[in-house]
Amino acid sequence: MKKVSFAEFGGPDVLQLIDAEEPHAGPGQVRIAVRAAGVNPVDWRIREGQFQHVHPMVLPAGVGQDAAGVVDEIGKGVTGFEIGDRVFGEGSSTYAEFAVLSAWAHMPGTLTFEEAAGYPSVMETALRIIDQVGVRTGQTLLVSGASGGVGSAVLQIARDRDITVIGTAGAVNQDYLRGLGAVATTYGEGWVARVRRLGRIDAALDLAGSGVIRELVELTGDPQRVISIADLGAPEFGVRFSGVAGSMTAALIEAATLISQGKLHIPVEKSYQLGDAAAAHADSRAGHTRGRRVIVV
């Protein structure tokens, strides 16, 4: 099969499309013929070697964790699924023609494979950090870098829970944030003052890693009311860096429920071919995303 792999840490150019042995489903797993794979910031952070001190990995290695496709192999102990089922979920080395999933769910019937591939990790992350930051119904949550995949999910989950969200993003994404129910404002010079004018902040999320942790602590008044998923230096300010996954299966089920109820939609900003993974990583790292980027297989 064809698979994206890298044999050394570095920039996007280390990614190579190679011929590889097909993986097979072990106990409690399914294998899918991948139709689309989600592109997440964690993918290029791993490729750059940012997590080696925490989770060392052996090279060469595959890339990707989110995917949507058709079940073509079922491991021992798996029930409720059949060959040919359309599923989306999380696994390993998903930038490939075949991938093994460790958590999955039936795709909502309204989604294409490209759309479905964009949900797993962003939904798990969004649900996890909303719970970790402790924001409740009736309170106000500030989301820094709100227009990407995780931000899009956070805004819609918060809206469903009657949590007010103030979201920061670039000027071109202000209407997008408003369309998801957020009070929108731009980042850049004077952004703290602009946020203050919009009201009291009960909790804050840093999704972009743009060096705003100190200001988020200032706005909330408590580092325990701030969570970052993008700034590895957050603990220096007493802020939790949230990189430990919660329940992916629960996240997939909630995603399917909200999608079926018409309460959740994350657009696909751009799709790439398998051989263009390097371009997908470069674009993801550059930021300014509205929704998700996916690789089509």
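Reader: In which hand does H3 pass H4?

Author: This is a predicted model, in which local features need pLDDT of at least 70 and side-chain atom pairs count only at pLDDT 80 or more, while totals for chains, interfaces and linings use all residues. Residues are numbered from 1 along each chain as its sequence is written, and side-chain values use heavy atoms, with hydrogens and water left out. A crossing is left-handed if the near helix is turned anticlockwise from the far one by less than a right angle, and right-handed if clockwise. By that rule, the crossing of H3 with H4 is right-handed.

Reader: Which residues of H4 does H3 meet?

Author: Contact means heavy atoms within 4.5 Å. On the H3 side, the residues are Val122, Met123, Thr125, Ala126, Leu127, Ile129 and Ile130. Their partners in H4 are Gly149, Val150, Ala153, Val154 and Ile157.

Reader: Is Thr125 buried or exposed?

Author: Thr125 is found in helix H3, and, leaving aside residues up to four places away in sequence, it touches Val150 and Ile229. The classes are buried (under 20% relative accessible area), exposed (over 50%) and partly exposed (in between), using a 1.4 Å probe and protein chains only. Because its relative accessibility is 12%, Thr125 counts as buried.

Reader: How are H3 and H8 oriented to each other?

Author: The axes, which are lines fitted to C-alpha atoms over the stretch in contact, with angles running from 0 to 180 degrees between N-to-C directions, come within 9 Å for H3 and helix H8 (residues 248-260) and cross at roughly 100°. Angles under 35 degrees count as roughly parallel, over 145 as roughly antiparallel, 65 to 115 as roughly perpendicular and the rest as oblique. H3 and H8 are therefore roughly perpendicular.

Reader: How many aromatic pairs does the structure hold, and what kind of pair do Phe81 and Trp104 form?

Author: Rings of Phe, Tyr and Trp (its six-membered ring) pair if their centres lie within 6.5 Å, and planes under 30 degrees apart count as stacked, over 60 as edge-to-face and the rest as tilted. The structure holds 2 such pairs; in one of them, the rings of Phe6 and Phe9 have centres 6.0 Å apart and planes at 55°, so that pair is tilted. Phe81 and Trp104, both buried, have their ring centres 5.8 Å apart and 70° between the planes, which makes this pair edge-to-face.

Conventions:
Helices (H or I, at least four residues) and strands (E, at least two) are DSSP runs, numbered from the N terminus.
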